[in-house]
6 protein chains.
Amino acid sequence: MPRVTVTRRLRFNAAHRVHNPALSDEENAAIFGKCNNPNWHGHNYILDVSVEGDIDERTGYVLDLSALKQLVERQIVDKVDHRNFNLDVDFMRGVIPTSENIIIAFWRLLVDRVSPARLTRLVLWETENNYVEYTGG
Amino acid sequence: MPRVTVTRRLRFNAAHRVHNPALSDEENAAIFGKCNNPNWHGHNYILDVSVEGDIDERTGYVLDLSALKQLVERQIVDKVDHRNFNLDVDFMRGVIPTSENIIIAFWRLLVDRVSPARLTRLVLWETENNYVEYTGG
Amino acid sequence: MPRVTVTRRLRFNAAHRVHNPALSDEENAAIFGKCNNPNWHGHNYILDVSVEGDIDERTGYVLDLSALKQLVERQIVDKVDHRNFNLDVDFMRGVIPTSENIIIAFWRLLVDRVSPARLTRLVLWETENNYVEYTGG
Amino acid sequence: MPRVTVTRRLRFNAAHRVHNPALSDEENAAIFGKCNNPNWHGHNYILDVSVEGDIDERTGYVLDLSALKQLVERQIVDKVDHRNFNLDVDFMRGVIPTSENIIIAFWRLLVDRVSPARLTRLVLWETENNYVEYTGG
Amino acid sequence: MPRVTVTRRLRFNAAHRVHNPALSDEENAAIFGKCNNPNWHGHNYILDVSVEGDIDERTGYVLDLSALKQLVERQIVDKVDHRNFNLDVDFMRGVIPTSENIIIAFWRLLVDRVSPARLTRLVLWETENNYVEYTGG
Amino acid sequence: MPRVTVTRRLRFNAAHRVHNPALSDEENAAIFGKCNNPNWHGHNYILDVSVEGDIDERTGYVLDLSALKQLVERQIVDKVDHRNFNLDVDFMRGVIPTSENIIIAFWRLLVDRVSPARLTRLVLWETENNYVEYTGG
């Protein structure tokens, strides 16, 4: 049975400040530069959610992409779109909202919810010039 | 000898209907929603064909991308571009034309024809928000 | 009072056949080539709807883009998305579904509904390499 | 002498809140919805600056695009990139930071500084699905 | 009769050096910077050719975009693709190959050949961040 | 400790000629076609540099992307941007400047310089339709 990976892309807009409260203001400014602006800045994020699985003979789908879209909207997009990662997002509490930490948090929200497919990759674009990816390792 | 992956992107426009003839009309409508429209709908598909191999010292190429392009045009694009996946495409007969099933069929048409390189990945974009990939597993 | 143009982009997928029933099959094939395939083909269309107006001091908007989006969805996208322009779309009856004719029909559906702003431009992309635009002239 | 329009695209990331302090919180929420989030949200903005002029025979340029880029960086990007439009940007004081109002403010900062070329159009993308343009009228 | 604008996008790759032979090497280096590299550099150019006209009732087209594509390939792309604007292109002889001068030359090659439509706009992208446009004025 | 891959995209414009000096002119023309033009052609290259590593708890970063950007600029972009791969680039001496050979050379310039992260993938786009990738194997 061939195993195929299917990906759904979703988008959201959010504000954040890259800031470690355990460090002094001077250290934060030195490490994070303009990303440490106390008044926040923001991005149009792009998230690619990839799951792998067998093709269901009855549907020809690995899984229904509308269902995957709704899952990601409910678990992630509804909680972060037009929000502030530092102030508004429960699952980011106590974590510096870098793309690296965001993607790990997103993974945890999805990994047990895509069965019988298997979550295999998340990609998160922060700008047109940088993105992070996580495969669960 | 370093092994490099080279990719050629091709594009085609096609119509399809996501429909399982073994199911009732009601079941089809319930499972596939608007993708089950009996009068078809269509997409601008994007196909990325990736092959891996050693760099040929005489050419500096893994393989000639013009030759790869021509192969994919002859094997795939000429048969699906401006066609209907359900009605016009021999190699899709009896298969629900989801992206998952399309990419498996494409793989079979290419896998034995790219030697001495090795076909390692196909990616098929159906819309700007979803794509499938297959690596032969 | 400065006048600004605001644009909302929407997307839909549809099938069509470029065919003039007043001509013979041979003439249709000669004029329209592969776009005349009797079994249809399709596209991921992109539509940019532009309206111009004064900035409302109370909102800072020319008009609420969510309202514009909903208008275009109700007037256009809901009628054409995952549909066949030749068979499913009332407002295209009797018209060859080229992008030129489609954009004129879209214009008529929107032009009287964006007040107090003014509809100034529609752009319709059929593929990544061709688009049409109409400004009401 | 032919007159050509040349455009330089620049990008910046900023936070904002669409909010009219003259209105009640309930009115703001009703009008602006999720864009009114008190904790801000943000975007990757894209700005296209277009100027028109004669081609200088000595250079073949309408104007030096590096100079135009530096002008826009100094006048605009340095003041808004990784900033908050409501809190950090002097030239937006007292104005609701919608794209419409932002583009008017940008115009005023550039219009007298591109001579002997003439500023003819600004386009500002807020997301991949909406943009505003202003031509000085 | 509604008048619609239709656009065909084409692409080509070329080398050039921005250099005015009437100036000294020092002046050239000062004015053009890295674009003056004597060993050339190059770009993936994107050209949008727009023509306006009445919709032909028989075809639903302003003009056949395949015919427009072939015209632009024959008149322009075949002469500049994988070529050097300074050395290989007859119609650029004696002209500094900036995008401004290139677009004027392209216009002259097309303006009398799109009848009964009317050439109304050329846009030439040199990089993802700059483009020029010409409307014949 | 989760391991994340972070990618920085950079861009440069360069000229090249695909040519093997060990072959005759006729052989070169037959093998490389228009890419063998003796007067060069060029591209807007896009380079994605991916590194993998643990997330640093102090910064929330795998590594500082500004530092990665500066490294790639210093090691690669400053040496190839607005240059000729055949004539101007020391590290390409004696190598046919295909994308395959370029990416191997880029890898060697970066692989020992991204510690404590690990270089895991380079992707180099030559046009919008072809790219190569290398993972060190």
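These legends describe close-up views of a predicted model. Local features need pLDDT of at least 70, side-chain atom pairs count only at pLDDT 80 or more, and totals for chains, interfaces and linings use all residues. Residues are numbered from 1 along each chain as its sequence is written, chains are lettered from A and ligands numbered from 1 in the order in which they are written, and side-chain values use heavy atoms, without hydrogens and water.

**View 1. Chain C laid on chain B.** A turn of 180° with a shift of 0.0 Å along the axis places chain C on chain B at an RMSD of 0.0 Å. The two copies are thus related as by a two-fold rotation axis. The same surface serves both: 100% of the contact residues of chain C recur in chain B. Superposition is by least squares on the C-alpha atoms of residues with pLDDT of at least 70 in both copies. Contact means heavy atoms within 4.5 Å.

**View 2. The area buried between chain C and chain B.** The contact takes 22 residues from chain C and 22 residues from chain B. Together the chains bury about 1,800 Å², 48% of it on carbon and sulfur atoms. Buried area is the accessible area (1.4 Å probe) that two parts lose on being put together, summed over both. In chain C, the most area is lost to chain B by C:Asn39, C:Asn44 and C:His82, together 33% of what that side buries.

View 3. The side chains of C:Asp81 and B:Lys34 meet in a salt bridge, at 2.9 Å from N to O.

**View 4. E:Thr120 in chain E.** E:Thr120 sits in strand β4 (residues 118-127) of chain E. Strands are DSSP runs (E, at least two residues), numbered from the N terminus. E:Thr120 is buried, with a relative accessible area of 16%. Buried means under 20% relative accessible area (1.4 Å probe, protein chains only). Leaving aside neighbours within four places in sequence, E:Thr120 contacts E:Thr5, E:Ser50, E:Val51, E:Glu52, E:Trp107, E:Tyr134 and E:Thr135.

Methods. Salt bridge = Lys/Arg side-chain N within 4 Å of Asp/Glu carboxyl O. Helix = DSSP H or I, 4+ residues; strand = E, 2+ residues; numbered from the N terminus. Buried < 20%, exposed > 50% of the residue type's maximum accessible area, 1.4 Å probe, protein only.
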